[in-house]
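Colleague: I have a few questions about the terms you use. Let me put them to you one by one.

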Amino acid sequence: MQTNTDIYTPWGRTFEEYLGMFSLTDNDLSGKILGCSDGPSSFNSELTQRGGNVVSVDPLYQFSKEQIRKLIDQTYPEAMESFHRKKSLFIWKNLKSVHKLGRMRLSAMYEFLADLDWGKMEGRYIPGDLPIIPLVSDQFDLAVCSHYLFTSTTHMTSQFHINSIIEMARVAKEVRVFPLLENGAVLSRHVMPTISGLRDAGYRVRLEKVGYEFLPGGDRMLIVTDNV
Ligand SMILES: C[S@@+](CC[C@H](N)C(=O)[O-])C[C@H]1O[C@@H](n2cnc3c(N)ncnc32)[C@H](O)[C@@H]1O
């Protein structure tokens, strides 16, 4: 695990966004869920408050609340400046402005921070790096991964994606990954090789449209289940 905070750019989405990105139903939410790469999103905190059963794994959780708060405060203005510059590249259907987007993401990250210490004590925030999940097999109904796999291509191979998804399938009955775009624009070069690799390894794989679309064309998730 990289222990230098400088390499992490914290950016967290809300529970509502997770519902849309992964088409989560009441039935899904009543099961045990693993959030891989949940970072400073408020998914874990909000689902726990609603009575859900969720564990998040992310290398960010090796850091203290104060270290993460500092990172958020440092990177937030840069992220906002970048959104203002690239505003025309996004779909502003639900989120009406860059300002509103910023307020929403910041409040999600502060919600996460408020929950972090208690959540760590309860074993809900676990430091870990894909392609390894430091948890025993077959304990989750669903594993989700938002905005990590497929989205940053520079340092990842297709084999890394295959290994990571097989690892998620080791601990959960079903895996969902969103989005499938690289650089926020085109279908990731790893999607087709990953699908082939997973099918060759005996997994059932399909793509499904979701209700969430902030990046044009970014409205599909990958769903993986065991063939048996
Ligand atoms: C863009 S953030 C997405 C956060 C959250 N899923 C969301 O959608 O709001 C990407 C996350 O991937 C995490 N990450 C980086 N390397 C990772 C790895 N090897 N395994 C799992 N997560 C990783 C980062 O720490 C960061 O929290």
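Colleague: Where is Pro131 found?

Modeller: Pro131 is in the loop between strand 3 (125-126) and strand 4. Strands here are DSSP runs of E, at least two residues long, and helices are runs of H or I with at least four; both are numbered from the N terminus. This is a predicted model, in which local features need pLDDT of at least 70 and side-chain atom pairs count only at pLDDT 80 or more, while totals for chains, interfaces and linings use all residues. Residues are numbered from 1 along each chain as its sequence is written, and side-chain values use heavy atoms, with hydrogens and water left out.

Colleague: What kind of peptide bond joins Leu130 and Pro131?

Modeller: A cis bond, with omega about 15 degrees. Phe178 and Pro179 are also joined by a cis peptide bond, and there omega is about -5 degrees. Pro179 sits in the loop between strand 5 and strand 6 (181-182).

Colleague: Leu130 again, then. Which residues come nearest to the ligand?

Modeller: Arg13, Ser37, Asp58, Leu130 and Ser146, out of 16 residues around the ligand. A residue counts as near when one of its heavy atoms lies within 4 Å.

Colleague: How is the shell around the ligand divided by class?

Modeller: Into 6 nonpolar, 6 polar and 4 charged residues. Nonpolar means Ala, Val, Leu, Ile, Met, Phe, Trp, Tyr, Cys and Pro; charged means Asp, Glu, Lys and Arg; the others, Gly among them, are polar.

Colleague: Why is Ile162 called buried?

Modeller: Its relative accessible area is 9%. Buried means under 20%, exposed means over 50%, and partly exposed is in between (1.4 Å probe, protein chains only), so Ile162 is buried. Ile162 belongs to helix 6 (residues 158-171). Leaving aside neighbours within four places in sequence, Ile162 is in contact (heavy atoms within 4.5 Å) with Pro193, Thr194, Gly197 and Leu198.

Colleague: Why is His147 called partly exposed?

Modeller: His147 has a relative accessible area of 24%, so it falls into the in-between class. His147 lies in the loop between strand 4 and helix 6. Its phi is near 60 degrees, a positive value in a residue other than glycine. Ser23 also has a positive phi, near 45 degrees. At 27% relative accessibility, Ser23 too counts as partly exposed.

Colleague: How do you know that strand 4 and strand 5 pair?

Modeller: Two strands pair if DSSP finds at least two bridges between them. Strand 4 (residues 140-146) and strand 5 have 6 and run parallel, so they pair. Val144 stands opposite Arg176. Strand 5 also has 4 bridges to strand 9 (residues 220-226), and those two run antiparallel. There, Val175 stands opposite Val224.

Colleague: What makes strand 9 largely enclosed?

Modeller: 5 of the 7 residues of strand 9 are buried, so the rest of the structure largely encloses it. Strand 5 (residues 172-178) is mostly covered, with 6 of its 7 residues buried. On another side of the pairing, 7 bridges join strand 9 to strand 8 (residues 203-209), and the two run antiparallel.

Colleague: In what order do the 7 strands of the open sheet lie?

Modeller: The order is 3-2-1-4-5-9-8, with mixed pairing. Strand 3 and strand 8 are the edge strands, as each pairs on one side only.
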